[in-house]
Amino acid sequence: MTERARPEERAGGPDAVWSGSWVAERLGVELDGDDALPALLGLALRRNPKRAHLLVSNVLGKHVPQSPSLVYGHGVELGRRVRDLLGAEAAASAVVLGYAETATGLGHSVADGLGTAPYLHSTRRPVAGVARAGGFEESHSHATSHLLLPEDPALLAQDGPLVLVDDEFSTGNTVLNTVRALHERYPRERYVVVALVDMRSPADAGRLEDFAREIGARIDLVTAASGTVRLPDDVLEKGQELVARHEAPAAGPAGEGRDAETPGAADAPRGAAAAGTPAPDPAGTVARVDLRWPAGVPDGGRHGFTAAQRDRLEAALPGMARRIARALPTGARRVLVLGFEELMYAPLRLARELEHTVDTVVRYSTTTRSPVLAVDDPGYAIRTRLVFPAHDDPADGPGERYAYNVAGAGFDAVVAVVDSAADTPALHAPDGLLARLAAHCPHVLLAVVPSYVPRAPHAPLASERPSMLPEPLRGPDFSSYAPDEVGWLLQDLSDVTLEAPTEEREEAIQSGGAHYAESLPVEYQPTEQYQELFHAALETSAARLARAVGAVTEIVLTERSPRPVLVSLARAGTPVGILMRRWARFRHGLDLPHYAVSIVRGRGIDANALRWLADRHDPADVVFVDGWTGKGAITRELAAALRDFEATDGVTGFDPEIAVLADPGSCVRTYGTRDDFLIPSACLNSTVSGLISRTVLRADLVGPNDFHGAKFYRELAGADLSTAFLDAVTARFPDVADTVDAQAKDLLAADRTPTWEGWAAVERISEEYGIHDVNLVKPGVGETTRVMLRRVPWKVLARAGAGADLDHVRLLAEQRGVPVEEVADLPYTCVGLIHPQYTRGATGADGKAVTL
């Protein structure tokens, strides 16, 4: 029977107010249909110029927290009905396709009910290295473009029925667009459209039948309820006016509350749940819970989900639910499991299993991209709204995200479930999702599901790699830098003795008995005179450094990415990466992610670090950062390593172009200057690099599934100048801002094509001095300093007339008894030569001849 659900009608009990009555009364919207409709649907107003109203499902688990068993049960029951409709044989060959973002979990539940059907959902998140198998547009949506990215390209090419699942079937446009796009590429005889509610008008209903005849296929429809939304002609105009009025600062009469955090009011008190309600302090605790997600099981259906993967997930769910239960606060009576945009199925299944594990009320919902007006009225479906910035570096840029009906719902704990790609600094920021939740709930747990990245056909099996690489090391536990300045994608080898005398290391390296990255030099302890030179150099060069930092950062933001992910090559690149991050915040208000990774000459970049980065960021946004170029060996090493990584892992998008402060070797296009001048951070070792050693790669310490290693020299804290160096340069940012603008503009307009003149000079010097090994020629002030501090130097070549930039090199040379030879027409300020034949004539660390 079909009846009109009027505003005065009640759903959910005789005393309940229908959550669509507020909109119905003000806009003249009418809901005609099955008796079940008022219990299934409420109404709200979109902040969307294309459509005024929003049908808010009470059983989808998106906008309205609901029992996860109820949410999952609706999807499974629809899947069983599809199985009965198709019959056993056709059901066995069916493929289920769900729609992002609202129906990803529903579609997966339908696939579960259908039986062994593989599942795929559309996505708005492009994934590097995964080819598109199709796409389509959802015209009325806030974000319209859908991608289809199956790991198995043959998934959609099968002949069996295709089951398309959406939360509502309102006009049929989305389904028609999908079937039209897919049928052109993968024609088949039968489609089944599944939705919780069919709300098409009679005219729209006929379009689906006409389209089925046009393509010569059968299209069936399976829904839980059906009806029609009757809209007045001026509904869009009236809806927009109503939204504008209620989002204005003086919105509405008393009793018509506003959303928890009003859009456009960035300085509004966090957590004001309704008009006139003081904002609670963000006093809730935030802690992580380790799910131990099963290795190789996808986080959802973005790239496909098979029956075998479903079995593995089912087996792991009880254990994961128990881990969540143990992490819940004692006495918690009401718990919300909150999913994340397209990540709906994993948190739904975790919530349902938790509901069966604990003796407490468990509810489930997810965050969303969709902007909706919130009104604190029992006749309105969206009572409160939390606003926070996107935290998964979306391809379409930054923007607001929302969690509805969470504030003021009385939850004792919220379990926020995100994938690892979304576990970013923005998630943990003061205005991020976790802080917003903590303002309304005393206990927040964060559960991170590893983002599944399809492997290339030739890549190693997932079982050959760890399911999750560790999170970055951060200060103060590892390095003296603040935790937000840099995350080190390294393993801590601080307890391992790795230092060897310089003479022994040189002999082993030159004889081929050991690689330079298998041990560490003894840290140089500067004399008082040398420290005075460092401070004098910093005072005179801080402004010059600030200009170079600003210029290279502006080039990166202009040419590479508006929100780059800075990845420093440890360790010399790390202070530069931090300064670039600081400039981006100072000049543009950007909070850029910054990591440090290991690259080893002859061994390449840390492939596990690349996998970690590709799992959480778009490789195209990654910008590798180093301090300076010498002859360009690391530039070449990185390019070769990335080619190898693409071949083995199938991940594309990493750009080998390094951004450096100074490029005296003319090896890169992205630099702040090509002058060879003293960068004070080259004067010292760990004490100007966060007390971190150079990186270590040794087979007995670094396994195939480990990050490269490094040590944290905590014992040198009294001599640490790392933060002093950064602060001295940062303090000059305001003074050089205008100069940087002009310098960056000139560089952007200039021909910055690398000439590799530095490499040519090194080859010439190698031959001229009879060295015959370019690895023993270290050009530039920075590289020469490294020779003096870490290796057994032979001599220093200095450009005639070089001034104060070489004072520290001359002092070191004097202390070590190394001759300094002035050379005319040297393309670098100086060049350091490592002793080419390690003999008794080599100079030792004490400035005397080495005795073997």
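**Exercise 1. Find which residues of H14 meet which residues of H19, then work out how the two helices are set.**

Step 1. Start with the contact, meaning heavy atoms within 4.5 Å. On the H14 side, look for Ala 543, Ala 546, Arg 547, Val 549, Gly 550, Ala 551, Glu 554, Ile 555, Thr 558 and Glu 559; they meet Phe 733, Val 736, Thr 739, Val 740, Gln 743, Ala 744, Leu 747 and Leu 748 in H19.

Step 2. Sort them: 11 are nonpolar, 4 polar and 3 charged. Here Ala, Val, Leu, Ile, Met, Phe, Trp, Tyr, Cys and Pro count as nonpolar, Asp, Glu, Lys and Arg as charged, and the others, Gly among them, as polar.

Step 3. Now the geometry. H14 covers residues 528-560 and H19 residues 733-749; they pack at about 50°, with axes 8 Å apart. That makes H14 oblique to H19 (under 35 degrees is roughly parallel, over 145 roughly antiparallel, 65 to 115 roughly perpendicular, the rest oblique).

A quick word on the model: it is predicted, so local features need pLDDT of at least 70 and side-chain atom pairs 80 or more, while totals for chains, interfaces and linings use all residues. Residues are numbered from 1 along each chain as its sequence is written, and side-chain values use heavy atoms, leaving out hydrogens and water.

**Exercise 2. How many residues of H10 are buried, and what do they pack against?**

Step 1. Take buried as under 20% relative accessible area, with a 1.4 Å probe and protein chains only. In H10 (residues 345-355), 10 of the 11 residues are buried, including Tyr 345, Pro 347 and Arg 349.

Step 2. Their packing partners are helices H3 (68-86), H5 (104-114) and H9 (307-327), plus strands S13 (334-339), S14 (361-366) and S17 (413-419).

**Exercise 3. Locate the largest nonpolar core.**

Step 1. A nonpolar core is a set of buried Ala, Val, Leu, Ile, Met, Phe, Trp, Tyr and Cys residues joined through side-chain atoms within 4.5 Å. The largest has 136 residues, and Leu 45 and Tyr 380 are among those with the most contacts inside it.

Step 2. Strand S10 (residues 190-198) gives the largest share, 7 residues.

Step 3. A second, separate core has 68 residues, Val 736 among them.

Terms used
Axes are lines fitted to C-alpha atoms, for helices over the stretch in contact, and angles run from 0 to 180 degrees between N-to-C directions. Helices (H or I, at least four residues) and strands (E, at least two) are DSSP runs, numbered from the N terminus. Buried means under 20% relative accessible area, exposed over 50%, partly exposed in between (1.4 Å probe, protein chains only).
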